Amino acid sequence: MSLHRVDPRFVLPHQVRRALVLGGLEEWRAGLVSAGIEVSDDPGDGVPPDVVVSPARLAGDARSRGAQSIILEGSRTRPFHGGHYQARRLLLRPTRDRPTLALPLDQPAPVLYALERWSVVDRRWKVARMRAARILVSRGVFPSGPSPMVTVATRAAGPPTLVAAAGDLGIPRDVSWFLTFGQGDALSRNAFQLFRAGADRPEWVLKFARVAGYSQRFDSDERGLQLARAAGDVVAAHAPRLIGRFDVDGVHASLETAAAGRRLRDVLLTPGDQASRLRLIERIAGWILELGRLTQGSPEAMGAERRRLRSDVVAKWGELGVRPELVDELPPLAPVAQHNDLGTWNVVADEGDFVVVDWENVREAALPLWDLLYFLGDALVLLDESDAAPERLPGRLARLFAGEAPSSPVLFSWVRRAAEMAAVPAEAVGAVATLCWLSHSLSASDHNVDIATFTPRDPPRIHGLEGIARAWMAHPALGPTWSVWRG
């Protein structure tokens with residue numbers, strides 16, 4: 001998607017309202033237009049654009065246009081030596097079209113942190129490459145290898161515009177940073193990981209929208225973090241703290257405390273001690289149960305969620321034989337708060353501790369057990385086999401829940417404990433689990449919108465859990481009558 005291609009614009013120290021695109025970079029043109037930026041091939045009014053974007057081979061032409069900044073696709077700083085521009089290189093990983101990271105190679109501490117904490121080192125040659133990268137980064141050099149580069153040259157020095165604006169919330173101007181890019185639809189959020197001068201770990205995370213005028217996910221994230229704090233110290237100790245919100249020309253942003261460490265997904269995909277990883281998984285599972293216990297409400301508060309499940313979930317799965325009775329015949333259940341996207345990608349782990357991030361999908365009064373099933377389904381599958389191929393995940397998860405995987409006994413033990421704590425009758429657990437997977441399997445379409453019309457567009461990347469509904473309903477041991485968990 002073109003909006004992902006143009007994400008490097010956010011490192012500029014000024015706003016971009018007018019751009020010139022050279023060399024036929026159509027993805028840049030389309031992305032900038034989608035973001036509401038005026039784009040031309042060759043402005044004839046004599047007014048310099050805010051930024052010129054071009055291939056590296058056209059660096060001289062780009063420099064002659066008099067723009068505040070220049071973005072080159074490629075590594076080429078030489079044309080800017082001794083001139084009015086200051087140039088830096090950004091390493092994009094893993095691809096130019098849809099990067100997940102942008103690493104400023106003139107900032108060794110953030111680059112080293114990102115390489116060590118945002119990479120899966122699951123082969124011996126990757127271990128050797130990481131050691132070499134650590135040495136090179138410490139010396140201020142880094143070979144890009146197959147990873148693409150972007151050169152950013154600016155007339156005015158200073159932090160990225162959004163980072164500078166966060167100064168009103170206490171962010172120093174001399175912070176260092178690296179960028180992480182949202183991998184969902186056009187409305188998924190990017191984030192600066194911000195480091196205090198001299199620090200080797202991030203202290204803050206600055207999330208921001210790709211486009212102006214969109215605040216819904218910031219509103220939801222704020223509500224979720226407020227709910228976590230209101231639940232008490234047991235829950236809040238493992239959630240970020242929201243520091244504040246702001247916008248720059250309609251581009252919404254939020255600042256929160258950083259969760260330093262590695263994503264649990266990467267931890268589980270990297271070879272390591274199985275016992276310690278299982279202990280971490282079970283510690284998080286215990287926290288999920290506490291989240292439910294501390295936010296439990298009265299069964300009468302479940303009315304709105306039952307209506308949503310009937311109209312927005314069950315009604316969309318008639319082809320699988322799902323009927324409204326799946327909701328209507330549920331016994332009275334006490335609602336709980338759901339994080340509602342508690343996969344291993346939203347848990348950051350560090351030396352046995354953890355933080356649960358990205359609360360934008362929170363539900364305040366929803367069915368119990370869902371977060372636990374969703375989390376353990378993802379985590380235990382990866383614990384059993386470090387293979388993250390999304391197309392294989394539904395079948396592997398079905399085998400886990402059917403009692404056919406090495407970690408099935410661990411799963412079943414936690415389901416029994418959770419059902420007892422939430423007072424869910426044993427005969428209702430299968431229906432609750434079925435509704436969980438039916439609902440989550442719709443999440444890809446729910447997070448797939450066009451920025452202009454807020455209607456479905458290109459599908460975002462998926463984690464694989466979205467495909468579990470069909471596997472769940474097809475397996476003879478699963479579905480609404482699921483009972484093998486009882487032991």
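**Group meeting talk: a cavity and its helices**

Okay, let's start inside: the largest cavity is lined by twelve nonpolar, three polar and two charged residues. Nonpolar here covers Ala, Val, Leu, Ile, Met, Phe, Trp, Tyr, Cys and Pro, charged is Asp, Glu, Lys and Arg, and the rest, Gly among them, are polar.

Quick housekeeping. This is a predicted model, where local features need pLDDT of at least 70, side-chain atom pairs count only at pLDDT 80 or more, and totals for chains, interfaces and linings use all residues. Residues are numbered from 1 along each chain as its sequence is written, and side-chain values use heavy atoms, with hydrogens and water left out.

So how confident is the predictor? The average pLDDT (per-residue confidence, from 0 to 100) is 90 for the protein, and 89% of the residues score at least 70. Watch residues 448-458, though: the pLDDT there is below 50, and the stretch has 25 contacts in the model beyond near neighbours in sequence. A contact is a pair of heavy atoms within 4.5 Å.

How much space lies in the largest cavity? About 170 Å³, taken as the space filled by probe spheres on the points, which are joined across faces, edges and corners.

There are 17 residues in that lining, and I288, L289, G292, P368 and L369 sit nearest the centre. Helices (H or I, at least four residues) and strands (E, at least two) are DSSP runs numbered from the N terminus. The largest share, four residues, comes from α10.

Now let's see how those helices pack. Take α10 and α13 first: their axes come within 10 Å and cross at roughly 175°. Axes are lines fitted to C-alpha atoms over the stretch in contact, with angles from 0 to 180 degrees between N-to-C directions. The pair is therefore roughly antiparallel, a label for angles over 145 degrees. On the α10 side we have Q274, R277, L278, I281, I284, A285, I288, L289 and L291, meeting D371, L372, F375, L376, A379, L380 and L383 in α13. That contact splits into 13 nonpolar residues, one polar and two charged.

Next, α13 (residues 370-384) against α15 (residues 408-421): here the angle is about 170° and the axes are 11 Å apart, so α13 is roughly antiparallel to α15 as well. L372, L373, L376 and L380 of α13 touch V410, L411, W414, V415 and A418 of α15. Nine nonpolar residues make up this contact, with no polar and no charged ones.

Two backbone details before I stop. Which residues does a cis peptide bond join? R93 and P94, with omega about -5°; P94 lies in the loop between β5 (86-93) and β6 (101-104). And E351 has a positive phi, near 50°, although the residue isn't glycine. You'll find E351 in the loop between β15 (347-350) and β16 (353-356).

Conventions:
Parallel < 35°, antiparallel > 145°, perpendicular 65-115°, else oblique. pLDDT = per-residue confidence, 0-100. 1 Å grid on protein atoms, 1.4 Å probe; cavity = no way out; pocket = protein on both sides within 12 Å on 5 of 7 lines; lining within 4 Å.
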